[in-house]
Structures are given as structure tokens and as C-alpha cells.
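The stops below are to be taken in order.

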Amino acid sequence: MILSLPPFLAGAVIILGTIAIAFATYFAARAVMASRGVDDSRDLAGSVVIRVSALHGLILALVFAQELANFDQIGETISREAAVIGDVYYDLKRFDVEETRSARVDLAAYTSIVLREELPGLADGENLSGEAWERWEKVYDAILALEPDGVRQETLKPLLVKYVREISSLRLMREDAAGEGVNSLFMLAAIVGVALTAMAYCAFPPTAPNLLLLSIFGAYTGLIVFFVIAFAYPYSEPGEIRPASLERLFAGEIRELSGAAAEP
């Protein structure tokens, strides 16, 4: 996969590849139309270029905006998961510090697994961690087994059940985002758009200024395609989402408690 390359190199490959497509199509069209009076078609060619490039730009803009919105939504999902984990953890303490210690240890271990194993695994195309699911199930079972004593605990238990179930939903949303990738139809539209626009330029001679303008068109299109691909894989560089909210949550007492999960 091209994103396995260093970000700068991956971007350069996509941009140079797009420029190569534009040049190849342009010179192929020039070669085919050279004996057919192509220079007399500049007015029509200019009109076609404007219309095709406008539609091409619109498609790129719409897909770019959609991928950026999805990228932001995944970031919000991770932030929401961190907030819910924090709510569950501290509400368990409020319920009963001693009685809920085991559940909090499992929740701390779950958070550690998500940060250290699950998110990197999603970047490599793996599924959600089975061990993380096991920790979540232990927390869920422990919450269901709680016996409220008094108004305070009776108020907290329904909230704990609600929030721990939400963690499950948020995890599945993270997994779905990892498997989407780039729509092949978008890639086809991007390549065809570059080719058709470059083909319409065949009515203009291959002078240095014209080739420079064609290079700029191909380079900018390649840059947008690179951004779209990067946003489509939110757990991999260069568009990697940093789970800053989870890291901040884990930096406190949850990190210390997660070590208790490994104790016999």
C-alpha cells in the first residue's frame, strides 16, 4: 500500500503519478490528432477544458469534504469514548471504592489495550482486540452484578449500564471507520478527470508555459487525491488521528491501576 511509504515519499509518488497521467494523455492525444488539424480546435478545446475541469474539481471537492467530515467524526468518536470511559471509571469509584476495584482494574486494562494494541492494529487492517472485548465484558458483568444500597447507588447503576454499553457502540464505530478506505469509484473519477482534461489540452502546442500549466494542474489534483487517501485511513500516517483524549485519561491513576491487571 502506498501509505506504507514515508508521508513525503507517498505524496510525491501520487503527485508525480498524476502528472505522468496528464502528460501521457496529452502527448497521446497530440500524436493521434496531429494530422487532423488539431490546432484549429483551440476555441472548442478551451470550452471543453473549462467544463470538464469544473466537473472534475467539483467531484474532488465533494469527496475531499466528505472524507474530512468522516475524519472529524472519527476523532469525535474517540474523544467520546475517552469521556465515557472516564465517566464509568469515576462513577464506579463513587458507587463503592472497594467493591468496584476489580471492575476499575479491568477498565484500566481495557484502556491500555486500546491505546497500545487496538488502535495500531486497526492501522494494520486488523479487527478489534479480543482481549479488549474480554475486559469490557468483565466490566459489564461486574456492573450488572452491583446491588445498589441507597439512593446514591440506585442513581449511579443505570448510568453505569448505559455508559458501558455505549463504549461497545463506539468501539464498533471505530472498527467500521478502519475498513472503509478509499472508494474505487472516486479514484476512477479522479484519473478519468485528469486524463480528459489533459486530452482537451491537445489543441495547444507543447510549449514550456503550456507544459508547466499542465504540470500544475496534475500536481494539484495529485495533492488533493493524496489528502483524500490520507483521510480515508484515519489510523495510519500521514492522516493518523492522535487519541489525545484517551492518552490524557490514561495518564492519571488509570495507568497505575492498569498494572494491577497483570498481577496474579
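Patches are made of residues with over 30% relative accessible area and no salt bridge, with like charges joined within 9 Å and nonpolar side chains (Val, Leu, Ile, Met, Phe, Trp, Tyr) joined within 5 Å. Accessible areas come from the Shrake-Rupley method with a 1.4 Å probe, and for residues only the protein chains shown count as cover. The model is predicted: local features need pLDDT of at least 70 and side-chain atom pairs count only at pLDDT 80 or more, whereas totals for chains, interfaces and linings use all residues. Residues are numbered from 1 along each chain as its sequence is written, and side-chain values use heavy atoms, with hydrogens and water left out.

**Stop 1: a surface patch**

Select Leu185, Leu188, Val192, Leu196 and Met199, which together make a nonpolar surface patch of about 460 Å². Met199 is placed in helix H6 (residues 184-200); helices (H or I, at least four residues) and strands (E, at least two) are DSSP runs, numbered from the N terminus. Is Met199 buried or partly exposed? Its relative accessible area is 41%, so Met199 is partly exposed, given that buried means under 20%, exposed over 50% and partly exposed in between (1.4 Å probe, protein chains only).

**Stop 2: helices H1 and H7**

Next, select helix H1 (residues 7-33) and helix H7 (residues 208-232), which pack at an angle of about 135° with their axes 8 Å apart. Axes are lines fitted to C-alpha atoms, for helices over the stretch in contact, and angles run from 0 to 180 degrees between N-to-C directions. H1 and H7 are therefore oblique to each other: angles under 35 degrees count as roughly parallel, over 145 as roughly antiparallel, 65 to 115 as roughly perpendicular and the rest as oblique. The crossing of H1 past H7 is right-handed, a term for the near helix being turned clockwise from the far one by less than a right angle, anticlockwise being left-handed.

Within H7, select Tyr220, which is exposed at a relative accessible area of 55%.

**Stop 3: salt bridges**

Side chains of opposite charge can pair when their charged atoms come close. A salt bridge is a side-chain nitrogen of Lys or Arg within 4 Å of a carboxyl oxygen of Asp or Glu, and by this rule the count is nine. Begin with Glu166 and Arg80, whose side chains meet in a salt bridge (2.7 Å, N to O). This pair links distant parts of the chain, with Glu166 in helix H5 (residues 151-180) and Arg80 in helix H2 (residues 42-95), 86 residues apart. Arg80 counts as partly exposed at 34% relative accessibility.

Then select Glu81 and Arg174, which also form a salt bridge (2.7 Å, N to O). Glu81 lies in H2 and Arg174 in H5, so the pair ties together parts 93 residues apart in sequence. Both Glu81 and Arg174 are buried.

**Stop 4: a cis peptide bond**

Which form does the peptide bond from Glu237 to Pro238 take? This bond is cis, with omega near 5°. Pro238 is found in the loop between H7 and helix H8 (244-250).
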